[in-house]
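Keep the viewer open as you read.

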Amino acid sequence: MASVAEMETLNLAREDLPPPRGRALTARVKPFLGTPMNAVITLACLWLMYRLLTAAWGWLVTRAVLEGGPQACKAGSGACWPFLAAKLRFMIFGFYPYDEHWRPALAVALFLGAMIVSMIPRFWSRRLLWLWLAVPVICGALMYGGVFGLPVVSTTNWGGLPLSFMLSSVGLAFGFPLGVVLALARSSKLPAIQVIAIIFIEVVRGVPLVSILFMASVMLPLFMPDGITVDKLLRAQTAIIIFAGAYIAETVRGGLQAVPKGQHEAAAALGLGYWLSMRKIILPQALKIVIPPLVNIFIGFFQDTTLVTIIGLLDFLDTVRASLRDPNWQGIAVMEGYVFAALVYALFSYGMGSYSRFLERRLKTDHDRSPAH
């Protein structure tokens, strides 16, 4: 019989040997499959994804019609990309005069360029204030005209992607400070200010955006003096600012409540007044905490601009729908416009989400990480 020392030597040698090839493969695959039932579900999902992807590829590429007109698309069984080529400019610019499309295109390019510059940390300074004072004026002059020999284009002809950008960006740019003020007012110890903020926030949040847009479009002119009218676009923009401010206020208030009480006490111990402590200590911490929900609100409002169709304005999605109702293409192109709109919305939504994650890393708001990281 082998001694105890020899048996231990054999066991150690056996442990050093690699597992059989079959067992090694099973060990690698098991975390992805789990139990037999989970394996069946996983394989079924993979098969379903494969079928969906192959069907989508066939419709988008393999069987797609790339050239021709309505008749060529009617004979095909795939996507009708000539429809997108024919209606692309209308989808983007709406009823804006065709020969003047360069003006909203330049305005959107300037706006996006200013946004990209503002997102780069090395450009964060007070000079950005001058940039954002100049860019809206230049974009408004380009869109409306009346200066530098540009013909005037009424706001009733504005539409498409530039209108969606303007409604969402201006609405959030003015709604954010309004929301911060409302959050501070609701957290105030002064009863009158607190009650006013609570009533405003709860009333606005208690009704849908559609009803506020409808009241701004239909009810507001009834309260105006005779002979005084307010531009329809301005009414819609005001309604979006008010609605955004109410939702942002509750998000910011949650961030204020998340700031430890010791921070308030430290500010008081330093002799800082209310506004100085809020500006220097409390608000910066609160706003860093609520970056994810704020970006979620921004994405939602960028997509909710489609509701302005109720007051006669055509944003990007509405121009896509109008293109699909063209008698020459009706019944032929059904999904192509919506696929294009979905890609545009997904692109900008993903960009905002990615930038919010960058801000979280930049400002070190990820509390799940250890100090060593």
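## D304 and its helix

D304 sits in helix α14. The model is a predicted one, and in it D304 has a relative accessibility of 34%, so it counts as partly exposed.

## α14 against α16

Helix α14 covers residues 291–304, and one of its packing partners is helix α16, residues 336–363. What angle do α14 and α16 make? It comes out at about 165°, and the axes are 10 Å apart. Angles over 145 degrees count as roughly antiparallel, and α14 and α16 are therefore roughly antiparallel to each other. Their crossing is right-handed.

On the α14 side, the contact uses I291, P292, V295, F298, I299, F302 and Q303. Facing them from α16 are Y345, F348, S349, M352, G353, S356, L359, E360 and L363. Sorted by class, that contact has 11 nonpolar, 4 polar and 1 charged residues.

## α14 against α11

Now look at α14 with helix α11, residues 232–258. These two pack at an angle of about 160°, with their axes 10 Å apart. That makes α11 and α14 roughly antiparallel to each other too, and the crossing is right-handed.

Which residues make this contact? From α11 come I240, F243, A244, Y247, I248 and T251, and from α14 come P293, L294, I297, F298 and F301. By class there are 10 nonpolar residues, 1 polar one and no charged ones. If you're tracking F298, you'll find it in the α14 list for α16 and again in the one for α11.

L178 belongs to helix α8, residues 160–186. With a relative accessible area of 26%, L178 is partly exposed. Setting aside neighbours within four places in sequence, L178 is in contact with I241, I242 and G245.

A244 is another handy reference point here. L178 and A244 are 66 residues apart in sequence, with 8.6 Å between their C-alpha atoms. A244 is also one of the α11 residues that meet α14.

## M91

M91 lies in helix α5, residues 81–93. Is M91 buried or exposed? Its relative accessibility is 0%, so it counts as buried.

Leaving out residues up to four places away in sequence, M91 touches F83, L84, G160, L161, F316, T319, V320, S323, G337 and F340. With F340, the chain separation is 249 residues, while the C-alpha atoms are separated by 9.6 Å.

## Whole chain and record

Zooming out, the protein has 16 helices and 1 strand. Of its 373 residues, 35% are buried. Among contacts with a separation of 6 or more, 69% come from residues 24 or more positions apart.

An unreviewed UniProt entry places "transmembrane region" features at residues 39–66, 102–121, 128–153, 165–185, 197–224, 294–317 and 337–355. Residues 128–153 are 65% helix and 0% strand, and their end C-alpha atoms lie 29 Å apart.

Methods
Residues are numbered from 1 along each chain as its sequence is written. This is a predicted model: local features need pLDDT of at least 70, side-chain atom pairs count only at pLDDT 80 or more; totals for chains, interfaces and linings use all residues. Side-chain values use heavy atoms; hydrogens and water are left out. Axes are lines fitted to C-alpha atoms, for helices over the stretch in contact, and angles run from 0 to 180 degrees between N-to-C directions. Helices (H or I, at least four residues) and strands (E, at least two) are DSSP runs, numbered from the N terminus. Angles under 35 degrees count as roughly parallel, over 145 as roughly antiparallel, 65 to 115 as roughly perpendicular and the rest as oblique. A crossing is left-handed if the near helix is turned anticlockwise from the far one by less than a right angle, and right-handed if clockwise. Contact means heavy atoms within 4.5 Å. Ala, Val, Leu, Ile, Met, Phe, Trp, Tyr, Cys and Pro count as nonpolar, Asp, Glu, Lys and Arg as charged, and the others, Gly among them, as polar. UniProt positions are given in the numbering used here, feature names are shortened, and annotations may be inferred rather than shown by experiment. Buried means under 20% relative accessible area, exposed over 50%, partly exposed in between (1.4 Å probe, protein chains only).
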